[in-house]
Amino acid sequence: KIDETMLEMNRHTPLLSLCIQDLGSLKASGPGASVEIWETTSSSYTIRSSGGFETVIVPSDIRWVVIE
């Protein structure tokens, strides 16, 4: 299995986006998977994995609990 650590690329590397755009989502995806480009104006993100699904989370998506 090839992942971003083997390629020494982050998921936000422009080259990766270019490859996905060039191949198209169907060809860029693996069996039973679907890859897509997700654009954001945030300068930070994290990826939450659950049950084989990944979700991009940016700071504005997080509801903080404020202790008063």
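**Strand pairing, buried sites and a salt bridge**

Me: How many bridges join strand 1 to strand 2?
Reply: Strand 1 and strand 2 run antiparallel, where strands (E, at least two residues) and helices (H or I, at least four residues) are DSSP runs numbered from the N terminus. Two strands are said to pair if DSSP finds at least two bridges between them. For strand 1 and strand 2, the number of bridges is 5.

Me: What pLDDT do local features need in this model?
Reply: Residues are numbered from 1 along each chain as its sequence is written, and side-chain values use heavy atoms, with hydrogens and water left out. This is a predicted model, in which totals for chains, interfaces and linings use all residues, side-chain atom pairs count only at pLDDT 80 or more, and local features need a pLDDT of at least 70.

Me: Which pattern does the chain follow along its sequence?
Reply: The chain has 3 helices and 2 strands. Read along the sequence, these elements give the pattern α-α-α-β-β.

Me: Which residue in the hairpin of strand 1 and strand 2 takes a positive phi near 60°?
Reply: Arg-48 stands opposite Thr-55 in strand 2, and Ser-50 has Phe-53 of strand 2 as its bridge partner. The hairpin has 2 residues between the strands. The residue with a positive phi near 60° in this hairpin is Gly-51.

Me: Which residue meets Arg-11 in a salt bridge?
Reply: A salt bridge places a side-chain nitrogen of Lys or Arg within 4 Å of a carboxyl oxygen of Asp or Glu, and a search of the whole structure finds 1. The N to O distance from Arg-11 to its partner is 2.6 Å, and the pair links distant parts of the chain, from the loop between helix 1 (4–7) and helix 2 (14–23) to strand 2 (residues 53–57), 43 residues apart. Arg-11 is partly exposed at 35% relative accessibility, and its partner, also partly exposed at 48%, is Glu-54.

Me: Which backbone nitrogen lies 2.7 Å from a polar atom of the Ser-29 side chain?
Reply: Ser-29 lies in the loop between helix 3 (25–28) and strand 1 (46–50), and Ser-29 is buried, with a relative accessible area of 16%. Not counting residues up to four places away in sequence, Ser-29 touches Ser-34 and Val-35, contact meaning heavy atoms within 4.5 Å. The backbone nitrogen at 2.7 Å from the side chain belongs to Val-35.

Me: What is the relative accessible area of Val-58?
Reply: Val-58 has its place in the segment after strand 2, and its C-alpha atom is separated by 9.3 Å from that of Thr-41, 17 residues apart along the chain. Not counting residues up to four places away in sequence, Val-58 touches Trp-38, Thr-40, Ser-42, Ser-44 and Tyr-45. Val-58 counts as buried because its relative accessible area is 5%.

Me: How far apart are the C-alpha atoms of Leu-18 and Ile-37?
Reply: Leu-18 has its place in helix 2 and is exposed, with a relative accessible area of 52%. Ile-37, in the loop between helix 3 and strand 1, is partly exposed at 32%; not counting residues up to four places away in sequence, Ile-37 touches Ser-17, Ile-20 and Gln-21. The C-alpha atoms of Ile-37 and Gln-21 are separated by 8.1 Å. Leu-18 and Ile-37 are 19 residues apart in sequence, and their C-alpha distance is 9.6 Å.

Me: What percentage of the 68 residues of the chain count as buried?
Reply: The chain exposes about 6400 Å², of which carbon and sulfur atoms supply 55%. Among the contacts with a separation of 6 or more, residues 24 or more positions apart account for 11%. Of the 68 residues, the share that counts as buried is 7%.

Key:
Buried < 20%, exposed > 50% of the residue type's maximum accessible area, 1.4 Å probe, protein only. Polar contact = N/O pair within 3.5 Å; in protein donor to acceptor, adjacent residues only side chain to side chain. Areas by Shrake-Rupley, 256 points an atom, 1.4 Å probe, with all protein chains shown as cover.
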